[in-house]
Amino acid sequence: MSARVGARPALRGYIASVAGFAIACAMGVTGGSAAASAGERLKAGDRFPPVKLRPISKASYKASDHKDKVIVYDVGASWAHGADEALPYYKVLLAKYKKRGLRVVAINIDDDERDALKHIKGVSGEFPVLYDQGKAFVKSIEPEGFPMVYVTNRRGIVRDVIRDYCENEFDLLEKRIVKVLDEK
């Protein structure tokens, strides 16, 4: 009997988290809230904040080039789990979905820019990689861990947040991105 009583708070917590997720998703469909304020974690339903970081890749970055596009923001570093597989995988996704409006923007938080440059060597011209020197941008969105992927719809609203994925989850990641691409 005590196991059953102990399970109730866990079940209530699970139900509350699922309900919170459903509300956040609904907010994304209807327009969402403003960007997370300073010191608040960016989540589904929030507007992705403006990115004003310096590109370190051959691909340039202008926010106006990404207007009305579905954007995958990958926030990570060379040392982050799955980082070596993720960046090349984005090249594959872009080849498949760029004509449908998909864009990728990587935001690197390595302490040493030289580590970041080594890390992006194979994808440097495919999509913009921005460098968050001092980590001010990352601190403003408070990711739960790294890598952290934010998928925004064509209105700039975060529709999905994916944390710490690995290579065997790329199919799931792709399905989640396609779901946002399919939104009207």
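**Briefing: pocket, cavity, sheet and helix packing**

The lining of the largest pocket is made up of nine nonpolar, four polar and six charged residues. The model described here is predicted.

**Largest pocket**

- The volume of the largest pocket is about 310 Å³.
- A total of 19 residues line this pocket, and F48, H66, I71, Y73 and G156 are the closest to its centre.
- Two of these names return below: Y73 stands opposite V105 in strand 3, and G156 belongs to the hairpin of strand 5 and strand 6.

**Largest cavity**

- The largest cavity has a volume of about 90 Å³.
- Its lining consists of 13 residues, of which D74, G76, A77, L87 and H119 are the closest to the centre.
- Strand 2 (70-76), helix 2 and strand 3 (102-108) are the elements that each give two or more residues to this lining.
- By class, the cavity lining has nine nonpolar residues, three polar and one charged.

- Strand 2 and strand 3 run parallel and are joined by seven bridges.
- Within this part of the sheet, Y73 is placed opposite V105 of strand 3.
- In a regular strand, side chains alternate between the two faces of the sheet.

- Strand 5 (residues 148-152) and strand 6 (residues 158-163) run antiparallel, with five bridges between them.
- Y150 has V161 in strand 6 as its bridge partner.
- Five residues lie between the two strands of the hairpin, where G156 takes a positive phi near 85°.
- G156 is also among the residues closest to the centre of the largest pocket.

**Helix packing**

- Helix 2 (residues 83-97) packs against helix 5 (residues 170-181) at an angle of about 40°, and their axes are 12 Å apart.
- Angles under 35 degrees would count as roughly parallel; helix 2 and helix 5 are therefore oblique to each other.
- The crossing of helix 2 past helix 5 is right-handed.
- Helix 2 is also one of the elements that give two or more residues to the lining of the largest cavity.

Terms used
Residues are numbered from 1 along each chain as its sequence is written. This is a predicted model: local features need pLDDT of at least 70, side-chain atom pairs count only at pLDDT 80 or more; totals for chains, interfaces and linings use all residues. Side-chain values use heavy atoms; hydrogens and water are left out. On a 1 Å grid over the protein atoms alone, a cavity is a set of points where a 1.4 Å probe fits but cannot get out, and a pocket is an open set with protein on both sides within 12 Å along at least five of seven lines; lining residues have an atom within 4 Å of a point. Grid points are joined across faces, edges and corners, and a volume is the space filled by probe spheres set on the points. Ala, Val, Leu, Ile, Met, Phe, Trp, Tyr, Cys and Pro count as nonpolar, Asp, Glu, Lys and Arg as charged, and the others, Gly among them, as polar. Two strands pair if DSSP finds at least two bridges between them. Helices (H or I, at least four residues) and strands (E, at least two) are DSSP runs, numbered from the N terminus. Axes are lines fitted to C-alpha atoms, for helices over the stretch in contact, and angles run from 0 to 180 degrees between N-to-C directions. Angles under 35 degrees count as roughly parallel, over 145 as roughly antiparallel, 65 to 115 as roughly perpendicular and the rest as oblique. A crossing is left-handed if the near helix is turned anticlockwise from the far one by less than a right angle, and right-handed if clockwise.
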